[in-house]
Amino acid sequence: MRKKKRHWFLNLLIVFTLLLSITAFAAHYKNWTKVKEDHIKILSGIYYKKLNFVDINAVSMVEKIPALERISGFSVKQWEKGKFKDSITESTVYIYVDDLKNEKIRLTYQDSLQLFFNYSDSTKTREMYRFFMEKIKGSNEQKN
């Protein structure tokens, strides 16, 4: 008996699906940051946040993220990413954490909003923390 050939469209669809899956994994695999003169952009898959340095009020390092209600996002092994809601203050909290075991940078901006993030490399997280501390110190001096 003669075998049926698979249609070219089905082959194309399979290849496209595989490429899309690999791209989605690579985009969520780590936090991608781009630092400009007056702002930072954080991209982690479909989650994106642009943060102006003048809007940042406080920076600190924390061991754990507080218990929050997930609006959208996901948690897989050591990753925690997405948009969350603080049930006490009813404010939105953004989380871009590559490794839950490592310390996280907690940014408070626009007086009450919060953002937590870190890298899988703890030294890179510490460098970014020092960078934010210098930016906060510089913006506070400009305000005075």
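This report describes the fold, sheet, cores and selected residues of a predicted model.

## Overall fold

The protein has two helices and nine strands. From the N terminus, the elements run α-β-β-β-β-β-β-β-β-β-α. The radius of gyration is 20 Å, well over the 15 Å that the globule rule gives for 144 residues, so the protein is more spread out than a compact globule. Along the principal axes, the C-alpha atoms fill a box of roughly 85 × 35 × 25 Å.

Of the 144 residues, 33% count as buried. Take the contacts with a separation of 6 or more: residues 24 or more positions apart account for 42% of them.

## The six-stranded sheet

Six strands form an open sheet in the order S4-S8-S9-S7-S6-S5. The pairing is mixed. Strand S4 (56–62) and strand S5 (69–76) are the edge strands, and each pairs on one side only. From one strand to the next, the twist averages 10°.

Ser-72 has Lys-83 in S6 as its bridge partner. The S5 and S6 hairpin has two residues between the strands. Lys-77 takes a positive phi near 45° in this hairpin.

## Nonpolar cores

In soluble globular proteins, nonpolar side chains tend to be buried together. Here the largest nonpolar core has 20 residues. Ile-56, Val-59, Ile-105, Leu-107, Leu-115, Phe-117 and Phe-132 touch the most other members. The elements that give two or more residues are S2, strand S3 (47–52), S4, strand S7 (92–97), S8, strand S9 (113–118) and helix H2 (122–143). H2 supplies the largest share, four residues.

What does Val-59 touch, leaving out residues up to four places away in sequence? Its contacts are Ile-105, Arg-106, Leu-107, Tyr-129, Phe-132, Met-133 and Ile-136. A second, separate core has six residues. Val-62, Val-93, Ile-95 and Val-97 are among them.

Ser-44 is found in strand S2 (residues 39–44). Is Ser-44 buried or exposed? Its relative accessibility is 0%, so Ser-44 counts as buried; the cut-off for that class is under 20%. The Ser-44 side chain makes a polar contact of 3.2 Å with the side chain of Asn-31.

## Glu-103: a loop residue

Glu-103 is found in the loop between S7 and S8. With a relative accessible area of 24%, Glu-103 is partly exposed. That class lies between the buried limit of 20% and the exposed limit of 50%.

Not counting residues up to four places away in sequence, Glu-103 touches Met-61, Val-62, Glu-63, Asn-118, Thr-125 and Arg-126. One of these, Arg-126, also forms a side-chain polar contact of 2.4 Å with Glu-103. How far is Glu-103 from Lys-77, 26 residues apart along the chain? Their C-alpha atoms are separated by 16 Å.

Notes
Residues numbered from 1 in each chain as written. Predicted model: local features only at pLDDT ≥ 70, side-chain atom pairs only at ≥ 80, totals over all residues. Heavy atoms only, no water. Pairing = 2+ DSSP bridges. Axes fitted to C-alpha atoms, helices over the stretch in contact; angles between N-to-C directions. Buried < 20%, exposed > 50% of the residue type's maximum accessible area, 1.4 Å probe, protein only. Polar contact = N/O pair within 3.5 Å; in protein donor to acceptor, adjacent residues only side chain to side chain. Core = buried A, V, L, I, M, F, W, Y, C linked by side-chain atoms within 4.5 Å. Contact = heavy atoms within 4.5 Å. Rg over C-alpha atoms; globule rule 2.2 N^0.38 Å.
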